[in-house]
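Let's look at one structure together, so please have it up on your screens.

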Amino acid sequence: MTLPIDPSALSPEDVGEEQATVERDHEAAIELVRETCEAVGFGVPVEFSPSDLLNEKVDADRDPYYVLGACNPEVADRALDASDGHIGALFPCNMIVWQEEPGVQRVYHVSIMRIARLVGLAPDDDTWDDIVADTGEYVDECFSRLAEHDDVTYPA
């Protein structure tokens, strides 16, 4: 299989990558991210722990890893229309919280809106530019609010 894009040529900005480190226990970090998402206009309709599932089903022995599926319904509705429904295959926008070590959690996000455009699931037009910008503002606000906490830092 040949990939339609060269992944090594992509920058973190190309995929809308954002991340921060939270120095608190895993459950407290999840709660902080959930509350911050909701405060900036993301709902969190889906949550699950891949680590719990894999540890149970295949004895994976994974450290805590949690997915918060964030969604702004107004932007999601516009994105479905603009992509002829294709973006739904990538819904929701995920905020990941994984334990790097006890008491240290990584919060990680990539933009499904940017990735959808890169792989051809979304149009390369002004309407999609607006959707990417709007979701980017929510994510930027979320990470800005996380940074207001003394125990949150950004990687160098």
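Before anything else, a quick definition: a disulfide is a pair of cysteine sulfur atoms within 2.5 Å. And keep in mind that what you're looking at is a predicted model.

Take Cys93: the nearest cysteine sulfur belongs to Cys71, and that is 6.9 Å away. Cys142 has the sulfur of Cys37 at 3.9 Å, and Cys142 is in no disulfide either, because the cut-off is 2.5 Å. Both of these cysteines are tucked inside, by the way. Cys93 is buried, with a relative accessible area of 9%, and Cys142 is buried with 0%.

OK, on to the inside of the protein. Here's the background: in soluble globular proteins, nonpolar side chains tend to be buried together. In this model, the largest nonpolar core has 21 residues. Val33, Cys37, Leu68, Met95 and Val107 have the most contacts inside that core. Which elements supply at least two residues each? They are strand 1 (18-22), helix 1 (26-40), strand 3 (65-71), strand 4 (93-101) and helix 5 (126-147). Helix 1 gives the largest share, with 6 residues.

Leaving aside neighbours within four places in sequence, Val107 is in contact with residues including Val22, Val33, Met95, Phe143 and Leu146. There is also another core, apart from the largest one, with 11 residues; Ile87, Ala116, Trp128 and Ile131 are among them.

Now for the empty space. Rolling a probe the size of a water molecule over the atoms shows where empty space is left. We get 1 cavity of 30 Å³ or more, and the largest cavity has a volume of about 60 Å³. Its lining includes Phe42, Cys71, Phe91, Pro92, Cys93 and Thr135. Helix 3 (73-82) and helix 4 (112-118) are the elements that give two or more residues to that lining. What is the lining like by class? There are 9 nonpolar residues, 2 polar ones and no charged ones.

Let's stop at Thr135, from that cavity lining. Thr135 sits in helix 5 and is buried, at 7% relative accessible area. Not counting residues up to four places away in sequence, Thr135 touches Phe42, Val75 and Met113.

Then there's the largest pocket, with about 210 Å³ of space. It has 15 lining residues, and Gly16, Glu18, Arg114, Gly136 and Asp140 are the closest to its centre. Helix 4 and helix 5 each give two or more residues to this lining, and helix 5 has the largest share, with 6. By class, the pocket lining splits into 5 nonpolar, 5 polar and 5 charged residues.

Last stop: the backbone. The peptide bond from Phe91 to Pro92 is cis, with omega near -10°. Pro92 is in the loop between helix 3 and strand 4. Asp84 is in the loop between helix 3 and strand 4 too, and has a positive phi of about 55° although it is not a glycine. Asp59 has a positive phi as well, near 50°, and lies in the loop between helix 2 (50-58) and strand 3. Are these two aspartates buried or exposed? Asp59 counts as exposed at 67% relative accessibility, and Asp84 counts as exposed at 66%.

Definitions and conventions. Residues are numbered from 1 along each chain as its sequence is written. This is a predicted model: local features need pLDDT of at least 70, side-chain atom pairs count only at pLDDT 80 or more; totals for chains, interfaces and linings use all residues. Side-chain values use heavy atoms; hydrogens and water are left out. Buried means under 20% relative accessible area, exposed over 50%, partly exposed in between (1.4 Å probe, protein chains only). On a 1 Å grid over the protein atoms alone, a cavity is a set of points where a 1.4 Å probe fits but cannot get out, and a pocket is an open set with protein on both sides within 12 Å along at least five of seven lines; lining residues have an atom within 4 Å of a point. Grid points are joined across faces, edges and corners, and a volume is the space filled by probe spheres set on the points. Helices (H or I, at least four residues) and strands (E, at least two) are DSSP runs, numbered from the N terminus. Ala, Val, Leu, Ile, Met, Phe, Trp, Tyr, Cys and Pro count as nonpolar, Asp, Glu, Lys and Arg as charged, and the others, Gly among them, as polar. A nonpolar core is a set of buried Ala, Val, Leu, Ile, Met, Phe, Trp, Tyr and Cys residues joined through side-chain atoms within 4.5 Å. Contact means heavy atoms within 4.5 Å.
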